[in-house]
Protein chains: 2
Amino acid sequence: MTTGIGDDTAVMTVAPGAALLATTDLVVEDVHFRWSSASPRDIGWKAMAVNLSDIAAMGGVPRWALVGLALPESARVEDVEGVYAGMREAARPHNVLIVGGDTSMSPGGWVINVTLLGEHTGTPRLRSMARAGDAVLVTGSLGRSAAGLAALERGAASRISRAALEEITAAHLRPRARVPEGAWLGAQAAVHALMDCSDGLATDLAHICRESRVTARVFLDRLPVSAALGEAACALGGDVIQWATGGGEDYELLLTCEPDAANALAEGLQRATGSRLTVIGEIGSGPGAVSWIDAAGSAVAIRPGYEHFRG
Amino acid sequence: MTTGIGDDTAVMTVAPGAALLATTDLVVEDVHFRWSSASPRDIGWKAMAVNLSDIAAMGGVPRWALVGLALPESARVEDVEGVYAGMREAARPHNVLIVGGDTSMSPGGWVINVTLLGEHTGTPRLRSMARAGDAVLVTGSLGRSAAGLAALERGAASRISRAALEEITAAHLRPRARVPEGAWLGAQAAVHALMDCSDGLATDLAHICRESRVTARVFLDRLPVSAALGEAACALGGDVIQWATGGGEDYELLLTCEPDAANALAEGLQRATGSRLTVIGEIGSGPGAVSWIDAAGSAVAIRPGYEHFRG
């Protein structure tokens, strides 16, 4: 960056030969977060993390952020500083700089709009790149964010172990964008379609099916779910499969690859980043939809989508 | 652009050797606009134009926009379409494409956040580049947006000619970003500091003084003001000088240049773009502030700044 906040625009230099990536995401009070269950740092972290995840989902490298912040008159300076601190905290491990912004009064609640710019020196991996015969894989663990939201909303702290509660609420409040994982996976020739799992597996895999004009089969007993999810389901009366397939905001990466390459990719990703990669299904010829197969081999119905507090 | 709305991020190619410019601006209901006095197209136009003006103020070329849109549940589809139509209408003459966005429910009113990316193949002109001895110049005409806002707020339609009312309200509702003017001026070696006049001449010239560590003298009888401004001042009980110095949102360009080059720049800009360029003052050694000189040669006080509806 040559020039940052303070002049009419930020001025940056994109690496020679690199494509420019850009994404923007809104985080709105009482839609995406509540002050009663999130700290200013949590809110800032998440506003940055959801954008980092979008760049990761292309296999790119995040570089520069711009922040639009609409604030009620009642906003406290320390809360504004906390939100910025959370954004910087999420950005710092990836060397992302906040290079510009605008702040305004808001007659309603808080609205935070982060725009993130990144670079990609190879071929960005799109949702339209899945092929019949591909394996379907996902990084990390699914459903924890939805379970964490349920715990925050229903107040189940007394019926669940501290370790499990911390795992699921951290997954919801402080999601870790899979930036190194995206960069590594996006550089592997065997990886075809790649996206982030922000709206829930069912919704996001349906995007891949539609964009790639393929079908997908997912084996429910292969979904990577943690023990904390089972504990939370018991304590909260939730459903592990529903959280893992319909719950959103896990910000794991969802990808398809040449089937013979799946094991090598999982081993390589583990070595490169320490993160798990799990085969959960397969791509078939299409166009069509996602089918869900239970442990007995029977097709079952899954309700897609997840809900914000409102909207 | 390789890929736009629909994948995780937009993918673009910056021209080889060009710097990347980025700016973001919020437009908030009942802060920056009211539905009672602006159409959806007006609002969309302005949300894009204020960003175009920031790129123009660097002497750059605007290329790609991303739009964050928070909407109340009561928002009508035709209003959303109108806002987007206004954004595209403002963007089209400059070949700017909307390449990405995010939409959310808003428990409050409308919040529109446009982020605009541009390119610059030369040396971006900054606020810090003014030098003692420079002439101070401004494009076009000052104060019309503030007069237009006053007319819209005070409802003076019966006391002012239709032509004057149209001129000032159009300046407020449909500001024209000085994009070709910025590109032309930014390519002239004699131009030093360059910025857009969005917060009012007094506030913006003070930015140049602070960033460049210089002083400035402005001759009030040289300020470019249109006859419509005089008519509006009479009809509304306003003050031409106050509007021209403290009124914001004119989105003219404010610049300093080598004093001997001012006339040639004015002639060149007129030939290249049809726009007027007026010498309004001079830069002195500093650091210091702006002084205002009336027609009799006396220093007078000017109240800086302008007010949004709120905030």
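Biologist: What share of the contacts in chain A with a separation of 6 or more comes from residues 24 or more positions apart?

Modeller: In this predicted model, that share is 86%. A contact here needs C-beta atoms within 7 Å.

Biologist: Why does the radius of gyration of chain A agree with a compact globule?

Modeller: For 311 residues, a compact globule would have a value near 19 Å, and chain A has 20 Å, so the two agree. The C-alpha atoms fill a box of roughly 60 × 55 × 35 Å along the principal axes.

Biologist: And what makes a residue count as buried?

Modeller: It needs 20 or more other C-beta atoms within 10 Å of its own. In chain A, 56% of the 311 residues are buried.

Biologist: Which domains is chain A divided into?

Modeller: Domain 1 covers 19–120 and domain 2 covers 127–300. Their centres, taken over C-alpha atoms, are 24 Å apart. Where they touch, domain 1 of chain A supplies 17 residues and domain 2 of chain A supplies 19.

Biologist: Which elements give two or more residues to the side of domain 1 that touches domain 2?

Modeller: Those are helix H1 (40–56) and strand E3 (61–71) of chain A. H1(A) gives the most, with nine residues.

Biologist: How many residues on that side of domain 1 are nonpolar, polar or charged?

Modeller: Ten are nonpolar, four are polar and three are charged.

Biologist: Lastly, how many helices and strands does chain A have?

Modeller: Chain A has nine helices and twelve strands.

How values were computed. Residues numbered from 1 in each chain as written. Chains lettered and ligands numbered in written order. Predicted model: local features only at pLDDT ≥ 70, side-chain atom pairs only at ≥ 80, totals over all residues. Helix = DSSP H or I, 4+ residues; strand = E, 2+ residues; numbered from the N terminus. Rg over C-alpha atoms; globule rule 2.2 N^0.38 Å. Buried ≥ 20, exposed ≤ 12 C-beta atoms within 10 Å, placed from the backbone. Contact = placed C-beta atoms within 7 Å. Domains from an automatic or database assignment. Nonpolar A, V, L, I, M, F, W, Y, C, P; charged D, E, K, R; others polar.
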